[in-house]
Amino acid sequence: MDISLYIHVPFCRKKCDYCDFFSVAQRDRVGKNNDLSDSYISALLAESRLYADFYGVSRWNTVYVGGGTPSLLSPSQVSALLNGIQSVRPLAPGAEVTLEMNPDDVSREFLSACRASGVNRLSMGIQALDDRALKAVNRGSSVEIIMKALGLIHECWKGRLSVDFIAGLPSHTYSSFSSQFEILKSYPEIDHVSLYTLTIEENTPLWKNIEEGKIRFSPEKADKMWLKGRNILEKLGFSHYEVSNFARPGFEARHNSVYWKQESYIGVGAGASGTVYDFAEKSALRWTNTLSIPAYCAGVEKVFSSDKNPASLKRKAETIDEKTLEFEFLMLGFRQLCGVSSADFERRFGTSLAERIGASEPDGLFSVWKSRRFALEKKSPAGDMVYALNRRGILLLNRFLEELL
């Protein structure tokens with residue numbers, strides 16, 4: 001089968017104060033002289049081969065290298081990793097290959113290595129074009145560095161570029177937040193934007209600073225900023241196609257849509273997760289690898305040299321039952337403004353989507369949301385019914401899902 005691949009590179013120069021993803025700062029890295037360990041890349045390739053052999057993978061549909069900060073890899077390590085992945089299994093024709101990077105790491109050599117290794121889409125975390133906002137969350141970048149990186153990408157990069165922004169960063173003014181999107185007019189290679197609202201995760205440094213009164217944070221201001229950002233992006237020609245994602249027509253993120261469409265994907269690397277679906281059995285296997293990098297590398301080496309069964313890896317695995325799969329299908333589907341197809345739902349679960357979401361009765365959940373102008377239904381080109389939340393309704397997604405549960 002063809003399948004998608006997520007590769008986790010859990011290393012950062014330093015962690016931003018809002019981050020609760022698994023990664024280790026430079027001082028904690030494995031390897032000598034604070035360099036990324038080549039043994040970690042070897043483990044990634046070995047684990048990829050274990051899964052490819054076990055599941056009979058024929059090609060990689062999409063590949064996403066995330067982190068952490070994958071752009072901390074040297075150009076030669078990028079080549080070793082991506083070429084190694086393609087030696088495990090070839091890329092499907094037209095496969096999307098994405099690599100996350102920070103502005104600090106952009107160089108001609110790095111971009112050249114990415115291009116030569118098959119990367120055709122970069123995802124760069126800008127977060128804000130305001131030095132005060134960046135400094136407030138200990139973001140290791142600056143407006144000068146970001147603009148220099150964009151200039152170099154514009155000059156050297158021939159592939160696609162996605163950028164991230166965060167609404168609601170402390171010290172970010174409405175004026176500065178709004179004006180930063182002007183760069184999208186000057187860099188046409190930016191065909192995709194992820195716009196997130198800042199969330200305060202418990203026990204992060206930012207959470208502690210807010211709790212202690214050192215930093216002021218307003219959720220209401222963050223929400224208003226996000227709405228302002230959405231309006232600006234739409235006026236600039238970006239379509240709002242998922243809760244936090246905008247794209248120029250035809251440039252939606254194909255790898256992320258694998259998650260949203262509940263398609264199988266393999267996750268490799270310390271802290272990586274993967275899910276393989278079996279809709280014939282109406283179940284799925286989901287796993288998350290150990291967060292210990294040394295244990296991960298040693299575990300992969302041991303399994304690769306013995307029984308070669310991924311079940312023996314250092315990971316936590318669980319079987320997802322039909323009820324959970326059904327709700328996740330709806331949750332992920334309603335995150336997208338294209339909505340949920342009745343044909344897809346009925347093919348997977350053998351029941352009526354209209355009945356499940358309350359669209360077949362006037363007082364059903366979906367019917368009520370539609371009457372309040374938060375939702376819509378329409379026929380697809382294939383003739384089946386599609387149910388979706390609209391621009392107003394998507395802002396109340398969590399409430400809708402709570403009622404649907």
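Predicted model: local features only at pLDDT ≥ 70, side-chain atom pairs only at ≥ 80, totals over all residues.
Local features are reported at pLDDT of at least 70 and side-chain atom pairs only at pLDDT 80 or more, while totals for chains, interfaces and linings use all residues. Residues are numbered from 1 along each chain as its sequence is written, and side-chain values use heavy atoms, with hydrogens and water left out.

Helices (H or I, at least four residues) and strands (E, at least two) are DSSP runs numbered from the N terminus. The account begins with helix H1 (residues 38-55) and helix H11 (residues 293-304), whose axes come within 9 Å and cross at roughly 45°. This angle makes H1 oblique to H11; axes are lines fitted to C-alpha atoms, for helices over the stretch in contact, and angles run from 0 to 180 degrees between N-to-C directions. Angles under 35 degrees count as roughly parallel, over 145 as roughly antiparallel, 65 to 115 as roughly perpendicular and the rest as oblique. The crossing of H1 and H11 is left-handed, that is, the near helix is turned anticlockwise from the far one by less than a right angle, with clockwise giving a right-handed crossing.

Phe327, Leu330, Met331 and Phe334 of H12 meet Leu397, Phe400, Leu401 and Leu404 of H16.

Those four residues of H16 are buried, meaning under 20% relative accessible area, with exposed being over 50% and partly exposed in between (1.4 Å probe, protein chains only). They cover an arc of only 95° around the axis, which puts them on the same side of H16; the arc is that of the directions from the helix axis to the C-beta atoms. Asn398 and Glu402, on the other side of H16, are exposed. The cover over the buried residues of H16 includes H12, H14, helix H15 (365-371) and S17.

Helix H13 (residues 342-349) has Ser342, Phe345, Arg348 and Phe349 as its buried residues. Seen down the helix axis, they fall within an arc of 140°, so they line one face of H13. The N-terminal end of H13 is capped by serine 341, a side-chain oxygen of which lies 3.2 Å from the backbone nitrogen of alanine 343. A polar contact is a pair of N or O atoms within 3.5 Å; within protein, one must be able to donate a hydrogen and the other to accept it, and residues adjacent in sequence count only if both atoms are side-chain atoms. After H13 comes glycine 350, with a positive phi near 70°.

The loop between S17 and H16 contains asparagine 390, which is buried at a relative accessible area of 17%. A polar atom of the asparagine 390 side chain lies 2.8 Å from the backbone nitrogen of glycine 393. Not counting residues up to four places away in sequence, asparagine 390 touches Arg373, Phe374, Ala375 and Leu376. Asparagine 231, in helix H9 (residues 219-235), is partly exposed, with a relative accessible area of 35%.

Definitions and conventions: Contact = heavy atoms within 4.5 Å.
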